[in-house]
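Student: Could we go through this structure together? I would like to see how the terms are applied.

Tutor: Gladly! Have a look first, then ask away.

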Amino acid sequence: MEFDELQKIWDSQNQRPMYMINEDALHNRIHTKKAKASHITNASEWLLMVVNAGAGCVLFGLTASKAGSTIFMYLLAGWMLITALAVLVSRIRRLQRENRFDRSLVGELDHAIAMTTYQVRLSQLMRWNNLPIALLIIAGLLEGGKPLWFAFALVIFFILVNFASGWEHRFYQSRKLELETLQRKLQQG
Amino acid sequence: MTESEQNNIFGKWLQQHKGQIFKVIRAYAATTMDQDDLFQEIMIQVWHSIPTFREESSVNTWVYRIALNTAIKWVGKEQKYAKSRESLDTVQAVLQEAKVPPDERLNWLYQEIHKLDEIDRSITLLLLDGFSYKEMASMLGITESNVGVKINRIKKQLIARSKQLNPYGI
């Protein structure tokens, strides 16, 4: 069979109704889903900013008002506020880059890869951010005279948090890899 | 643009270009559930794209481009997270297959298209729907010569398969 014949088979469907649309259901789904469109990254950024800024401020206030507070708690509060600021700066830079991509497939893939790269970096940053937070909390507790088993329990907790963060990080990394594979397929002959 | 204006344009585009969207859905999603899911995903992307449409291309090209871009990105995601999607029991189906007698030759062609990778599938659809090399290059963001190389390979592949296996008496 030559290509012209394949073309005729293809064109034959133009006269045939393929599907019927339930317009009410479509309208409902669009309105439900459209709010989720720029979703995960946006939510992660806001969550990180609010949690770090909030926790940093509360910790700073509590430490300052309590006699005999250790330097580690001040450092922890400062670290959390710096983290919130770093996420804010990243978010502003991400939003400034948003409109630089065209609507060709290459442009869309570039955009999707840039977004996933950003998510990979953000998740990596947050994963490593657990380390100084854990060290400062444990140092503060030990200096404040808390028992050793309590510090040990916290170490276990932070190991679990790190494991969960690693899962999230690998999720974004594999998505990035899939998009890069698509981009390579498109560029190859 | 108000939401009501956006909804009016969306309704008009859907009526005029649903045929193109259906072809993309059938080429990229095999099961009824997947077709329904991909259709919703494309519709959401089309709805979002309305305020950014600058009339630099025809609406047909614009909608086709969004449908293909969404489908290509949907494929990888879909295979991986198929199990976690909402069940059809809990979601009202948006898309229903029309009750028409099946065209075996067309089914065979879609099966062959489905065997191609995501990128080649989009090029095949554009080729069969009469887009020029220049339009395809612009839609995909690659050079015309690269489009030419890919089309040459795809055509040879489809013709060879049609000669190898002819179960429907085409």
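Student: What makes β1(A) and strand β1 of chain B a pair?

Tutor: Two strands pair if DSSP finds at least two bridges between them. β1(A) and strand β1 (residues 95-97) of chain B are joined over three bridges, so they pair, in the antiparallel sense. Within this pairing, A:Met20 stands opposite B:Gln96 in β1(B). A word on the source: this is a predicted model, where local features need pLDDT of at least 70, side-chain atom pairs count only at pLDDT 80 or more, and totals for chains, interfaces and linings use all residues. Residues are numbered from 1 along each chain as its sequence is written, while chains are lettered from A and ligands numbered from 1 in the order in which they are written.

Student: Which order do the elements of chain A follow?

Tutor: They run α-β-α-α-α-α-α from the N terminus, giving six helices and one strand. Helices (H or I, at least four residues) and strands (E, at least two) are DSSP runs, numbered from the N terminus.

Student: How many residues of chain A are in contact with chain B?

Tutor: Contact means that the C-beta atoms of two residues, placed from the backbone, lie within 7 Å. By that rule, 38 residues of chain A touch 45 residues of chain B.

Student: Which element gives the most to that side of chain A?

Tutor: That is α1(A), with six residues. Other elements supplying at least two residues each include α5 (105-143) and α6 (148-187).
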